[in-house]
Structures are given as structure tokens and as C-alpha cells.
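Then we can walk through some of its strands, helices and surface patches together.

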Amino acid sequence: MMVIKSKLDTQSFYSKHHSRNMKRLLIFSFTLIVGYIHAQAIISSDVDVSEYPLVSFSLHHPNPDVSENSIQIHQIINNQSILAKDLDVKFSDDVNLVIPENKCVLILFELTFNKQRIEQINTFHSSLQSVLPKIVKKGDEVKICTFSLRDGNSVLLNEVNKDFTDKYELLLRGLKNLNVKETAFTNKNTSDIYASLLDGLEMINNYSSNLPKSIIILSEERNNTFSPENNSDNVIQLARSSKVSINTIKYNRSKFETYADPKLSKSTYGLGYLLSSSDGSMRSVNRKKKKEISKHISNIFNSIPLRSLGKSLDISVVLNDSLLDGKSRIIEITSSDIEKPNKISFKAKGNFIYASFQRYFWIALSTSVIIILLTVYLLYRLFIFLKAKKIERKRKDKELKELQLQQNDQIAGQKQEIQLLKEKEAKVEQEIENLKEAKSVDNKTDSLIKEMLNQGQLPILKYSDSANKEDFIIDKPIFWIGRNEDNDIVISNNNYSKKHFSIFFKKGKYYFKDNNSTNGLKLNGRKLSTGELENGDIIEIARTKFTFIK
């Protein structure tokens, strides 16, 4: 957390950054437009019109607390909305419902360096430390951030742990190492509640996860009056469009009860808790409130997966017209929890013929008989024509198939001959190349060995560890040491890589080179990857040594 050298005027600071916040809100507005449909109820089945004018369908509502009596249905007839009276709404018991086992949670912890908030900070902090090991499950994705006021670098959220994790040990370590410095942005008695939630929504939306997402905010819910975000409207819209529930736990100091904002949780389908009132003047942990906080956080964690599924409703309604004409009908679904009515378009049972019989029975019957007789005659003529065409097509298909088989046999034979010639040619070329390469390598190796022998006695590599000692003569221009059996010196030690390093002869000198090994090596106590070897140099790997004697 950055320490500000001089006190700043908070109001002028927020005016300075107001334009930056407006730009961010413009970016958010695109997300709201694209995701607006997610805040609405969704039709989860086709409309059943088998007993029309009684129609039935299933409705998935995003609010898990929706009531049956809050649903209303209107039918649109001649651009007029008419209330359907015979409405039956029931909660659906889906036996195949799959409840997610895990969740993605961002915890926002209000942390201000203010003497009036010491009890609140200590109690929230202690509650998190005691409850997280009990509620964070394997597979969960949890992150904690603190917030107060936006600092001079426009930073509002401070990460307690860097990444979302299911390791409660990492979360506890971050809380243990939490350190708040007094600055012009952390010593106030208020915080940027709504701006913090917008930043938190941006953070959790940018995190890729298929788990149900939720935010828990631990605060006094007393928003800074100078903040550009002075109400929860933008937060609620973004949360609903992003399908992120917001859960609130208000500390509830006795003089600040009126600052509660129940809309935050209710409008985003989360849970909201108001702690028992206290003056908040203690310098230590409030044990009673700690117990409440732990219980509420546990309830929120356990409820997120199920609440993320919303509610499924089975709806039946009798429409205001009974004409079976097969034409489109439009109904609107409204409830106190849906921002915009849902319009459903479907086709009524029947068709033009059904409707004609309903309206003009004898005329429709006579017309139908004439049409049926005419249709039978035309179908008979069509059958004779298609049968002749089918016989002709079979004859042509047979001739074409015989011709294609002959051509395919010829092509297959030619391809086989060409492939055999290519394989013979490739084999000859490979044998010639192998002979050239073997001759070139042998000549170069023989030349280097002669050059090594011309210098006198071949160098020796003395190996030693806690239990063994052994000497090896370096009699090749490239000498490999490692764990694999194909090395010139095989060391059965897990600290060695498969091909750990090599010693090679070049231009009259000996060099060593580390082969990108896991543990590396040291030359005379210095960790190096390559270099020239001198008489008496010591190469160390873990607790083993090689002494180069020239």
C-alpha cells in the first residue's frame, strides 16, 4: 500500500479521477448490453399447446427467492395487453438438477487505518482467519482484497493473495502478513464501497472460471460522499448482467445503522446480513460479532452453488382466445424481480383448416373433399413418373460404377509401382548418406584423439562422494557425465540429470559445459554453465566432486 507524503484533499482527488471512472463505466456499459438477457427470466422449455387455449411451459427465474404470487402473464391481442386470469404457478422439483460442488468467491474486506474502525477491522480479520479453514473446499476459487479509498495511483483494491486459490493456507498467510499503512487514503472513516464493488466485479469477470461467481463484502456500508459512485445502481446492473451475486455483511455500529444498503444483496440474488448493533469502540475482537460473522460467511459459502441455479417454475395459463388457427401468439411475463417483461412468441394449436372448420363447417368440408380427390389423382401421376425415372437412374448408376472400378484398379496399380520405385531410391540415398556421415565423424574423432595424445598423458577425472572414490581417463573428445546408462561416467544419484554435463577437447584445451541440468554445477565454488578446465579444478554437483588432473 503506497504511503502518501502529504495530506491530499479527497474531494479534489475524486474530481481529478472522475473522467477515468466515466471511461470505465462506458466500457462496462457494453458488458451490460451484451449480458442484459442474463438478468431476465428464461424460458427453459417449449410452450405446450396440446390443450389450447390452455398453454404450459417451464420458466427459469434467476432469483432463488422469487415468490409464486409475483408472476403475472398478459396476452398481446391487437397490440393490447390483456391480463390472463386463470394462472397456475408451481415450483418445479427437478430430480436431475446438478448442483455445483464448488464456487468462485471474491472477499472484499474494508480496511481503514482509523481509530473508530479498530474493533471492526480486528473482528472481521479474526473471523476470516477462524472460518476459512472450515469452509474453503478443494476445487473452490477464493481471493481476498482489502479496500478503503482510491490512492494516488488510482489503486482501490489491494490483493491479500495474488491469485484465486483453494488453499486456505495461502489465504491465512496473506491475512497474517496484512499490513495497513496510514495514508491520506486509509485514515478516513469512510470507504469507496460502490467503486470497490465495480473494481471487484471487473476482477472476477476477467478471471476465467466455470464455477458460480459471487462477491462477499465485509464493511460498514458507509460510502464516501465524494466518490463518483454515490449509489449502487451501476453495481447492481453489472452484477446481474455478469451473473455475479453480491453478499453483504454490515458491521452495524450503533450510530451508523442508516447507512445499510439492502438493495446490493437483494437485487443481485445474494444474501445480506446486519450484525447486532454495537458502538464499535473496542480495541480488540468483539467475540459476539465474530461468532455472527463466521456463521454468516459459512452460510453464504454453502448457499452460493444452489442459489446460482435460481428457481424453476412450471406455469399453466388459459389464454383469452380459443381459435385453432396455428398462428403466432404473444404473451408477456412480468414479476417484481424482472426488470423488463419477457415476451414469448409461439404458435397456437391447429392451422387454417382447423380454424375454417371452427368458423364455416359445411363450406370447409366440401372444399376439403374436392382437394383430397384432386390430390390423390396428382399423387398417382407423380408415382408413375418417379418410378420410370428411378429405373433409368439405376441403369446409368450401374454403368458408371463399373467404369469407376476399372479406372480405380488401373490407378492403384500405377501408384504401387511408383511407391516401390521411390522406396528403393530413398533406401539407396540413405545408405550413401550414412556412409558419408560415419566416415566424416570417424575422421574428425580420430584427429582430435591424436591431438589429445600429442599433448602427453590423457587427463584424469577423479570422482569422490561420501562413500566412493574412482578415477576415470578422459579418452574421447567429448566425455559425458550423467544418470543415463549411455553416459561415459554413469552416476546413480537423483541430484544428477540424465545427461548432466560434458567435458570436451577443442583447439588444444579442455572445457566443461552444463547440459541445462536441473541442479547445475559449481567450478571451484562458483556456479557456472561453461568454461575452460585447468589442472586441479574441482567440479561440484550436490555433495559429489570431480577433480580434473591434466
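A residue is called buried when its relative accessible area is under 20%, exposed when that value is over 50%, and partly exposed in between. Keep in mind that this is a predicted model.

Lys 396 sits in helix α10, which covers residues 361-454. On the surface, Lys 396 gathers with Lys 389, Lys 390, Arg 393 and Lys 394 in a patch of positive charge.

Now for a residue of another kind. Leu 373 is also found in helix α10. Its relative accessibility is 60%, and therefore Leu 373 counts as exposed. Which residues form a nonpolar patch on the surface with Leu 373? They are Phe 361, Trp 362, Leu 365 and Val 369, and the patch, Leu 373 included, has about 550 Å² of accessible area. As a general point, residues three or four places apart in an α-helix point the same way, because the helix has 3.6 residues a turn.

**A mostly covered helix**

Is helix α6 mostly covered or mostly open? Helix α6, residues 233-242, is mostly covered, with seven of its 10 residues buried. Among the buried ones are Val 235, Ile 236, Leu 238 and Ala 239. Arg 240 is buried too, as are Ser 241 and Ser 242. After α6 comes Lys 243, which has a positive phi, near 60°.

**Strands side by side**

Next, look at how strands pair.

| Strand | Partner strand | Bridges |
|---|---|---|
| β3 (residues 54-61) | β13 (residues 311-318) | eight bridges |
| β6 (residues 87-91) | β13 | five bridges |
| β4 (residues 72-77) | β5 (residues 80-83) | four bridges |

Strand β13 pairs with β3 and also with β6.

The strands β4 and β5 form a hairpin, with two residues between them. Ile 77 has Gln 80 in β5 as its bridge partner.

Key: Residues numbered from 1 in each chain as written. Predicted model: local features only at pLDDT ≥ 70, side-chain atom pairs only at ≥ 80, totals over all residues. Heavy atoms only, no water. Buried < 20%, exposed > 50% of the residue type's maximum accessible area, 1.4 Å probe, protein only. Pairing = 2+ DSSP bridges. Patch = residues over 30% accessible without salt bridge, like charges linked within 9 Å, V, L, I, M, F, W, Y side chains within 5 Å. Areas by Shrake-Rupley, 256 points an atom, 1.4 Å probe, with all protein chains shown as cover. Salt bridge = Lys/Arg side-chain N within 4 Å of Asp/Glu carboxyl O. Lys, Arg positive; Asp, Glu negative; His and termini not counted. Charge placed at Lys NZ, Arg CZ, Asp CG, Glu CD.
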